[in-house]
Amino acid sequence: MNEPGEITLSPPARRWLSALSLGIVAVYASFYVVFLSQSGPKDGDQFLVFHSLQYWNASMFGIAKQWTPLMCSGLSMAGEPQVPFMSLSMALSYMLGPLWGVKLAIAVYFLAGWTGAYLYAGLWLKLNAQRTLAAALFIGNGFFFCRLSYGHFDFIPFLILPLMLWVLHLGIVWSEEAWTARKPVRLVLTAMTMGAALALAIDGSPVAIIHLVFWIGLYALALAITARSAAPIALFACAVALAMVLDAGYLWPMLQAQGAFPRLTQDRFTSAFSLLWFALLPLRGKVLPANGNGHELSVFIGPVLGYCLWRFRHWFAANLPATMGRPLLVVSLASVVLGMGSLKVLHVPIWLSPFDSLRHLPGFRSIGVTGRYWGFLALPLSLLSAVALWKYVAEIGTGWRLHLCLGLALIFQLGFQAETLTALWLHSPHYRLASNHDYFRHGPEDIDYVAIQDNHLQGQVIAPTRGVSNCYDMDDFIRAETGSGSSLVKRVMQEWKPLEAATAVHARFSTWSHIRLAAECPPSGNDSSCATSPAGRMQVVLRQAYHPLWRAPGCDTYSSTRGNLIVDCPVSRMREGAIELDFRDATSDFAARISTTTWKSWLLATASIMLLWFALQPYRQPYPAI
């Protein structure tokens with residue numbers, strides 16, 4: 001039997017496989033219902049906090065990302081890669097709030113992952129039960145439930161991978177069809193849909209740019225060469241170009257900020273033995289020496305499926321269609337090698353080490369856990385595991401070996417999946433979004449900084465006027481001294497000599513990106529804060545981080561040795577009145593306008609093209625009445 005569809009199973013075997021397919025979905029559904037209102041572990045809470053920041057920013061100041069004083073000593077939201085602008089979860093958050101927006105987006109991505117894997121498997125498998133099993137095994141791969149468990153929600157958009165690859169295959173089929181008026185319309189509509197999907201997936205998820213887009217692009221290239229068709233490359237290139245414009249509000253300022261804050265990481269190597277270890281064994285911790293814990297490296301399928309794959313490896317080599325097998329093989333090998341990271345430890349020359357060759361590029365120089373590239377293997381492993389398990393149970397018949405094999409497969413999969421999902425969420429807090437009320441509408445506000453303990457999460461305390469001085473954020477930005485309290489002024493100096501009356505200078509936030517600085521300095525100049533001559537200068541050290549985009553007319557801004565923002569003004573300027581200190585990222589403003597305009601144009605163009613598609617539908621002569 002050379003075709004998977006020719007393999008018939010006994011009723012007990014079909015029931016076992018149906019239980020496995022439905023069980024994977026049921027575990028996710030139960031998890032979703034039980035923990036719906038909870039934020040999850042530390043990383044999940046951080047993801048929700050980033051959405052909350054942009055939700056408050058858009059509702060109070062406008063959709064363009066600028067500065068937020070709420071994280072550590074303040075940071076540029078435009079330059080922070082994990083603060084979304086128009087991701088699927090952020091778009092839903094604008095309407096539903098961060099919690100429900102994120103949770104609904106996760107559900108949509110899992111649905112898209114199951115559907116995409118089902119359709120992709122259909123390029124080879126013809127039986128509905130086989131395709132259903134492959135789809136369930138894809139979303140049930142350890143790469144995804146480990147990410148969900150640890151709150152790594154920015155990896156969840158990777159679930160659209162099989163759907164995007166399926167569309168690339170369809171592009172070849174459509175390009176070879178006879179020319180009709182509908183043919184270019186369909187290809188344009190497909191490219192526009194792919195571009196929108198990519199834009200929603202990569203926004204707020206830098207890992208999707210350097211992993212998901214890389215996988216799709218390399219697959220498109222390998223598929224184009226294998227099928228001798230330019231359609232996959234054309235579709236991918238058009239989709240990426242459109243995504244860069246649709247997501248300009250996120251991509252452009254973020255890429256610009258990479259020049260100043262590249263988040264450089266050390267070269268690291270991870271052995272391929274870690275890939276096999278965590279693929280076969282239900283472990284999340286670090287047992288073998290590896291660059292990352294098990295949840296970072298896992299593409300778990302379990303020992304039963306691993307054995308089945310090994311048993312039928314020669315059959316797969318002979319029967320997997322070339323248009324699927326070769327692209328999958330190319331991307332899988334590239335992902336395994338890139339996942340190993342720097343090969344310098346093996347004394348491999350840089351020009352022969354793919355990761356070292358790409359290391360100087362933005363994104364690649366920031367990668368800490370290179371084993372995340374192994375996540376691509378979730379797709380070929382699920383597809384081949386479904387067929388291998390199907391063939392194996394067909395061979396062993398209906399005896400005790402059948403029940404032992406499928407029983408173990410079910411226990412390993414559902415047991416590890418359920419335990420992993422619940423372990424870190426069981427005692428996580430319920431997420432409560434602080435209301436923005438009328439903050440900043442009636443004048444400047446103070447930001448009250450608090451330091452949280454290890455048993456508290458940021459989302460439990462952060463609010464539009466309450467920041468976390470010891471925030472949890474591993475990205476690259478200046479971290480200044482802040483401390484607790486609401487006083488924005490840290491120190492005041494005249495001609496670099498400390499003033500005792502530091503309270504004579506006040507600073508408050510007019511908006512998150514706008515600070516009003518004023519000195520109680522009467523015209524006579526008798527106050528101790530203005531004791532120097534009008535020709536002197538006053539330096540005000542703020543409890544905010546320095547950034548090159550902070551500007552104050554008539555004054556200089558620069559950084560202290562500890563990263564604090566210093567405003568250096570002439571005393572005469574301080575006597576004239578309040579100084580308006582402004583943070584303005586012009587690229588973010590411009591790019592936000594580009595994005596919103598392009599999305600509106602995309603919606604209009606997509607609706608128009610769909611109407612044109614239906615208008616060009618060939619007229620069918622009705623059957624005559626009998």
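Trainee: Is Leu 22 buried or exposed?

Mentor: Some ground rules before that. This is a predicted model, where local features need pLDDT of at least 70 and side-chain atom pairs count only at pLDDT 80 or more, while totals for chains, interfaces and linings use all residues. Residues are numbered from 1 along each chain as its sequence is written, and side-chain values use heavy atoms, with hydrogens and water left out. Now, buried means under 20% relative accessible area, exposed over 50%, and partly exposed in between, with a 1.4 Å probe and protein chains only. Leu 22 counts as exposed because its relative accessibility is 62%. Leu 22 sits in helix α1 (residues 11-34); helices are DSSP runs of H or I with at least four residues, strands are E runs of at least two, and both are numbered from the N terminus.

Trainee: How do I check the length of helix α18?

Mentor: The expected span is 1.5 Å times one less than the number of residues. With 19 residues (378-396), α18 should span 27 Å, and its end C-alpha atoms are 26 Å apart, which agrees. As for cover, 17 of the 19 residues of α18 are buried.

Trainee: Which residues other than glycine have a positive phi here?

Mentor: Most residues other than glycine have a negative phi. Phe 440 has a positive phi of about 70° and lies in the loop between α19 (400-423) and β3 (448-450). Arg 228 counts as exposed because its relative accessibility is 79%, whereas Phe 440, at 10%, counts as buried.

Trainee: What lines the second largest pocket?

Mentor: A pocket is found on a 1 Å grid over the protein atoms alone: it is an open set of points where a 1.4 Å probe fits, with protein on both sides within 12 Å along at least five of seven lines, and lining residues have an atom within 4 Å of a point. Here the lining has 29 residues, and Leu 309, Leu 377, Pro 380, Leu 381 and Leu 384 lie nearest the centre. Helix α16 (322-339) gives the largest share, eight residues. Contributors of at least two residues each include α12 (272-280) and α18.

Trainee: How many disulfides does the structure hold?

Mentor: Look for cysteine sulfur atoms within 2.5 Å of each other. The structure holds two such pairs. In one, the sulfurs of Cys 72 and Cys 471 are 1.9 Å apart, and the link is left-handed, with -90° about the S-S bond. That pair joins distant parts of the chain, 399 residues apart. In the other, Cys 555 and Cys 569 have sulfurs 2.0 Å apart, with a right-handed link at 115°. Both Cys 555 and Cys 569 are buried.
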